[in-house]
Amino acid sequence: KLVRETLLQGGAAKAQFCPLADSRLTPERELAAAAARAAHLNWPADLVVLGMGDNGHTASWFPHAPGLAEAIDPAARALVAPVPAPDGLEPRLTLTGRALLRARALALQIEGAKKAEVFNRACEDGPVEDLPIRAVLRE
């Protein structure tokens, strides 16, 4: 609802919106359904707009999360991956590096002094696992 009411307005209303999550399904079926929907989209994406968390995560790519390397990989076999969220937050689905990092254009929206500081640290050398936003910045 948020995307439709705030982003898909004017000329952008023609954009194709494909939600990944469907909480009515079991996690296994939810992943399969999301992967099937994603497979029917036109790749590469014209534009990917990402945010960044205070811990340097983006696209539900959390620092040191199990499966992070596979999720970020631009050569990943899958377009969608399950992601265990930190601190017991609900599990998530994300697009993999294959889907996101091959986009024709990437935009990053960052707001606030704390996130600006994290962004500046991410621009420095260091492991992607510490600040997953580095996977986007290095593409």
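Predicted model: local features only at pLDDT ≥ 70, side-chain atom pairs only at ≥ 80, totals over all residues.
Local features need pLDDT of at least 70 and side-chain atom pairs count only at pLDDT 80 or more, while totals for chains, interfaces and linings use all residues. Residues are numbered from 1 along each chain as its sequence is written, and side-chain values use heavy atoms, with hydrogens and water left out.

Trainee: What volume does the largest pocket have?
Mentor: A pocket is an open set of points on a 1 Å grid over the protein atoms alone, where a 1.4 Å probe fits, with protein on both sides within 12 Å along at least five of seven lines. Grid points are joined across faces, edges and corners, and the volume is the space filled by probe spheres set on the points. For the largest pocket this gives about 1,700 Å³.

Trainee: Which residues that line the largest pocket are the closest to its centre?
Mentor: Lining residues have an atom within 4 Å of a point. There are 44 of them, and the closest to the centre are F17, C18, L20, V49 and L95.

Trainee: Which elements give two or more residues to the lining of the largest pocket?
Mentor: Helices (H or I, at least four residues) and strands (E, at least two) are DSSP runs, numbered from the N terminus. The elements that qualify are α2 (27–39), β1 (48–50), β2 (80–83) and β3 (92–95).

Trainee: How many residues of that lining are nonpolar, polar and charged?
Mentor: Ala, Val, Leu, Ile, Met, Phe, Trp, Tyr, Cys and Pro count as nonpolar, Asp, Glu, Lys and Arg as charged, and the others, Gly among them, as polar. On that scheme the lining divides into 29 nonpolar, 9 polar and 6 charged.

Trainee: How many salt bridges does the structure hold?
Mentor: A salt bridge is a side-chain nitrogen of Lys or Arg within 4 Å of a carboxyl oxygen of Asp or Glu. D22 pairs with R24 at 2.7 Å, and E117 with R121 at 3.3 Å, N to O. D46 pairs with R104 at 2.8 Å between the closest N and O atoms. The number in the structure is 3.

Trainee: How many residues apart in sequence are the parts that D46 and R104 tie together?
Mentor: D46 lies in the loop between α2 and β1, and R104 in the loop between α4 (97–100) and β4 (106–108). The pair therefore ties together parts whose separation in sequence is 58 residues.

Trainee: Is D22 buried or exposed?
Mentor: Buried means under 20% relative accessible area, exposed over 50% and partly exposed in between (1.4 Å probe, protein chains only). D22 has 14%, so D22 is buried.

Trainee: In which helix do E117 and R121 lie?
Mentor: E117 has a relative accessible area of 39% and is partly exposed, and R121 is partly exposed at 36%. The two are 4 residues apart, about one turn of the helix, and that helix is α5 (residues 113–122).

Trainee: What is the phi of S60 and of H64?
Mentor: Most residues other than glycine have a negative phi. S60 is in the loop between β1 and α3 (68–72), and H64 is in the loop between β1 and α3. S60 is buried at 12% relative accessible area, whereas H64 is exposed at 54%. Phi of S60 is positive, near 60°, and phi of H64 is positive, near 60°.
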